[in-house]
Amino acid sequence: MSLFPLRLIPHTTNFNFMRVRWVSIGIAALLAIAAIGAIAFKSFNFALDFTGGTVVELRFQTPPDVDAVRERLQAGGYGSAQVQTFGTGSDLLVRLQPREDAGTAADAEASNRTAADVLRLASSEGNAATVMRSEFVGPQVGKELALNGLYTLLFVVVGFLIYIAVRFEWKFAVSAIVTTLADVLIVAGFFAASGIEFDLTILAGLLSVMGFSINDKIVVFDRVRENFRNLRAEPMEILNRSINQTLSRTIITSFVAFLTVFALYLYGGGSLEGMALSQMIGIVLGTVSSIFVACPLLTIGFLTVTKQDLMPKAKDEALLARRP
Amino acid sequence: MLEFPRWKYVLILIVVLASALYALPNLYPQDPSVQITANRGFAIDAALRGRVDAALKDAGVQAKEVDTEAASMLVRLPSLDAQTTANDALRKALGDDYLVALSLASTVPDWLGTTGARPMVQGLDLQGGVHFVLQVDQKAALDKRVDGYLEDTRVTLRDKRIRYTSVERRPNNSIVVTLADGEDVAAAQQALAQTLSSRGNNAGTLATGSGLTYQATGQQITIGLPQAELEQIASEAIEQNLTTLRNRINEIGVAEPIIQRQGDDRVVVQLPGVQDTAEAKRLIGATATLEFRAVVEGNAADAVASGRIPPEAKVYQLRDNAGPVLLNKRVLASGDEMVNARVGVDNNGLPAVDVTLNNIAGQRMFDYTSANVGKLMSVVYIERVPTVTMVDGKEVRSVRVREEALSPTRIAGVFGKNFQTTGLEKTEADNLAKLLRAGSLAAPMDFIEERVVGPSLGKENVERGTKAVVFSFIFALAFFLVYYRMFGLITCIALLLNLVMVVAVMSLFGATMTLPGFAGLALTIGMSVDANVLINERIREELRAGVPPQAAIATGYDKASGTIFDSNMTALLAGVALYAFGTGPLKGFAVTMVIGILTSVFTAVTVSRGIATLIYGGRRKIKSIAI
């Protein structure tokens with residue numbers, strides 16, 4: 001036990017986070033607007049899960065020439081096929097939109113044919129490919145999934161609102177939800193802007209970002225509530241102090257959580273990359289917004305918290321009210 | 001001041017032991033194997049063992065072990081490739097006498113198995129196989145049933161010699177009967193109620209027609225199908241399809257298939273270990289059925305040419321373009337009234353299909369044949385081929401129905417429930433018997449989703465997932481050990497126990513592990529980390545405030561518990577929502593996340609506190625703690 005205590009964050013921090021609140025809220029708002037813009041104008045590169053179509057994962061003996069494969073597929077009549085490397089260098093992911101005469105939902109044999117077709121076209125002499133995975137999804141499923149995703153989001157938002165409003169205070173609930181949604185929006189905006197294929201695992205990632213982000217905010221708010229009850233100070237001062245007190249916890253938690261997701265990104269393989277990426281960005285954003293945005297929102301306009309909001313309601317008040 | 005009740009230690013000990021026990025089976029790898037079960041009339045015996053050994057030797061496959069049990073034989077193989085080769089070889093060698101299926105055999109020792117411990121179920125993405133989602137066409141099921149009522153109505157009226165001018169189907173699925181004489185209304189209604197409600201089928205589960213309503217106005221009787229009846233028809237169509245699918249999948253021999261109803265009109269089929277989708281799809285998707293119909297006398301070719309087709313007849317084309325044939329509109333028996341069908345030989349030694357009907361259809365057949373010995377009867381083979389055409393740039397889905405009559409056979413004598421269909425070729429008879437035996441689909445189904453995962457990719461996914469989780473752990477543990485020292489060690493123990501608990505709970509409840517499930521596990525570590533950091537930071541804070549070590553530990557745990565509860569409740573909410581609305585991969589992720597959150601609260605709050613108390617508790621004064 002002779003190891004010196006290690007501290008990433010000095011324990012007597014006293015940053016004045018409230019002083020920069022307009023700047024931090026402004027930056028968050030700008031990012032959110034930019035995200036909305038990216039989603040509106042560039043839209044998501046929806047993966048098969050949502051659009052319907054056929055995807056074939058091929059493994060080659062040696063790393064193939066992606067452009068050559070694309071050309072061969074085009075020559076074979078699959079002009080709109082998307083070809084990308086996946087996982088290791090010798091794996092290729094080919095996505096096709098259903099063709100008029102094949103690959104459609106009703107034709108039971110079509111997707112088999114498509115996979116065989118792609119395999120035949122993609123293989124070249126001396127570098128044969130094998131089909132690792134092929135998937136065919138009807139467009140109807142896609143629509144339903146998107147709708148389900150939306151329902152999940154609504155359910156979670158409403159659930160959070162109610163829970164926090166009951167356990168804390170409605171102002172905290174609104175602030176936490178707004179900040180969390182902004183975080184999720186910005187991560188989503190990143191995926192729209194970057195054009196990374198948006199699939200179901202990324203949707204799951206986004207929802208877990210939501211859970212993570214709200215979690216961070218609740219820890220800070222929990223401390224705010226505690227301090228409001230125990231300290232005699234101005235709200236601004238209490239908020240500042242609460243953030244400072246929980247700063248080391250917030251950063252360390254995020255750091256370790258980031259590490260675990262990073263391991264997922266490094267070793268999880270291609271199909272978990274998107275999910276890990278969304279969580280990595282989400283963790284960073286969630287941490288930053290917990291520190292710089294969530295509490296400052298509580299000093300603005302109708303969200304301004306006062307000591308009265310958080311003091312336990314005196315019991316005799318209720319008794320008094322009952323008297324004639 | 002730093003105390004921990006004894007019963008909690010007992011609880012922790014029990015939980016730790018139980019978790020270890022139930023997580024243990026996951027350490028045993030599964031053997032790729034081939035399972036052989038005997039069809040009726042064949043036994044699992046030494047002779048079979050000899051045939052299996054010979055077949056394996058011919059194929060050049062070395063089996064790891066061959067287990068013989070009462071009902072089946074299990075051939076364990078060293079690799080997936082050997083499994084495929086052995087499967088092909090055995091299927092060929094054993095033919096129709098035995099059912100050969102791919103399976104993954106557990107290597108969990110018997111003593112462990114007796115405690116109820118078993119490994120986690122692996123999702124398709126982890127073990128390879130095919131996944132289909134099928135949509136059931138409920139309208140077709142409804143049409144079929146209403147048409148059945150329609151035809152029964154006509155027949156009943158004719159049998160009872162009640163004259164009618166028309167029997168029509170209305171768009172709202174009701175049937176309107178117009179009688180020739182208004183005085184017959186009461187008698188007709190009684191007769192209809194009697195026959196329609198007794199219309200049954202083989203499974204005995206379909207609607208009995210008892211919910212039908214009869215309304216008489218003047219010379220008309222309106223037979224209505226109440227909404228409940230319509231819904232029941234749709235629901236039963238799915239149930240019958242599920243049963244049929246199960247039968248058909250048993251035919252191709254897949255160990256542990258998953259056949260589930262999803263939502264109102266979908267069926268999910270997962271066949272682990274199957275790679276060749278063509279065979280599976282052909283059997284699953286085949287919407288062929290049979291109908292037995294009487295041949296209407298007269299020259300069919302002439303009737304078609306002149307356009308004068310008898311009112312009770314319908315023109316069918318004979319198989320192989322052998323010309324038209326006139327068949328009665330009334331169905332004597334249909335595929336769903338069939339009880340059994342098997343390949344046999346007729347009197348001339350030619351292939352035939354022996355058919356057994358259920359009682360009602362058998363009675364109908366008896367009634368008909370006793371009055372019509374020497375006349376002709378034909379089997380109509382109906383196949384549905386879904387097609388998609390482009391109209392004005394839009395996809396229009398339609399179904400092409402192909403109906404063929406097999407060449408008519410003469411009714412040699414009176415027969416009832418059992419009879420023979422002759423005039424088939426060997427392969428034709430085989431296929432027919434197989435299809436009939438598997439039952440027919442109550443409603444056609446379309447493939448709307450299909451996924452094939454190669455076995456090597458599945459194996460790779462497991463390796464990747466495990467590696468990712470292991471590294472997640474190593475990263476987190478290393479950090480904690482360095483950063484919190486003694487309490488880091490406590491946290492590490494809590495984290496490890498948490499992982500074991502999640503695995504144990506998932507194994508115990510048979511939850512399915514998927515690739516995103518591994519991500520859920522990694523995230524669980526993140527969540528668990530949060531709780532532990534909250535506690536440790538709180539203790540540090542108390543120490544800084546000058547609180548004595550033991551009091552600091554107690555206060556730290558107390559104060560952090562509330563926060564942990566609040567922050568985990570919200571995460572739990574997100575997990576539950578994800579499970580409720582998600583499908584497939586999302587569900588797998590949600591399950592691990594929810595279980596992980598629950599166990600992490602327990603390990604962080606209770607277990608780690610117990611350990612901390614063990615180390616720092618007691619009466620002695622402690623000057624400093626390593627945190």
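Reply: What follows takes up the contact between the chains, then the core, and then some charged pairs, all in a predicted model.

Me: How many residues does each chain put into the contact?

Reply: Chain A gives 77 residues and chain B gives 72 residues, and together the two chains bury about 6,800 Å², with 63% of that area on carbon and sulfur atoms.

Me: How many salt bridges are there between chain A and chain B?

Reply: The count between these two chains is 8 salt bridges, and one that joins the chains pairs the side chains of B:Asp566 and A:Arg167, with 2.7 Å from N to O. The interface also has 14 residue pairs in polar contact, both residues being at pLDDT 80 or more.

Me: And which part of chain A gives the most to the side that touches chain B?

Reply: That is H7(A), with 15 residues, and the residues on that side of chain A divide into 39 nonpolar, 24 polar and 14 charged.

Me: Ok, new topic: which residues have the most contacts inside the largest nonpolar core?

Reply: That core has 142 residues, and those with the most contacts inside it include A:Ile164, A:Phe172 and B:Phe487. Its largest share, 20 residues, comes from helix H13 of chain B, which covers residues 455-508.

Me: What does A:Ile164 touch, apart from its close neighbours in sequence?

Reply: Beyond the neighbours within four places in sequence, A:Ile164 is in contact with several residues, among them A:Phe172, A:Ala176 and A:Ile218.

Me: What about A:Leu298, is that buried or exposed?

Reply: A:Leu298 counts as buried because its relative accessibility is 1%, where the cut-off for buried is under 20%. This residue lies in the loop between H9 and helix H10 of chain A, and its contacts beyond four places in sequence include A:Phe172, A:Phe221 and A:Leu239.

Me: Back to charges: why does the pair B:Asp143 and B:Arg169 tie together separate parts of chain B?

Reply: B:Asp143 lies in helix H6 and B:Arg169 in strand S7, so the pair ties together parts that are 26 residues apart in sequence. The closest N and O atoms of this salt bridge are 2.9 Å apart. B:Asp143 is partly exposed at 23% relative accessible area, and B:Arg169 is partly exposed at 29%.

Me: Which residues are linked in a network of salt bridges?

Reply: The network links A:Glu57, A:Arg133, A:Glu135, B:Glu449 and B:Arg451, and over all chains the count comes to 30 salt bridges.

Definitions and conventions
Residues numbered from 1 in each chain as written. Chains lettered and ligands numbered in written order. Predicted model: local features only at pLDDT ≥ 70, side-chain atom pairs only at ≥ 80, totals over all residues. Heavy atoms only, no water. Core = buried A, V, L, I, M, F, W, Y, C linked by side-chain atoms within 4.5 Å. Buried < 20%, exposed > 50% of the residue type's maximum accessible area, 1.4 Å probe, protein only. Helix = DSSP H or I, 4+ residues; strand = E, 2+ residues; numbered from the N terminus. Contact = heavy atoms within 4.5 Å. Buried area = accessible area lost by both parts, 1.4 Å probe. Salt bridge = Lys/Arg side-chain N within 4 Å of Asp/Glu carboxyl O. Polar contact = N/O pair within 3.5 Å; in protein donor to acceptor, adjacent residues only side chain to side chain. Nonpolar A, V, L, I, M, F, W, Y, C, P; charged D, E, K, R; others polar.
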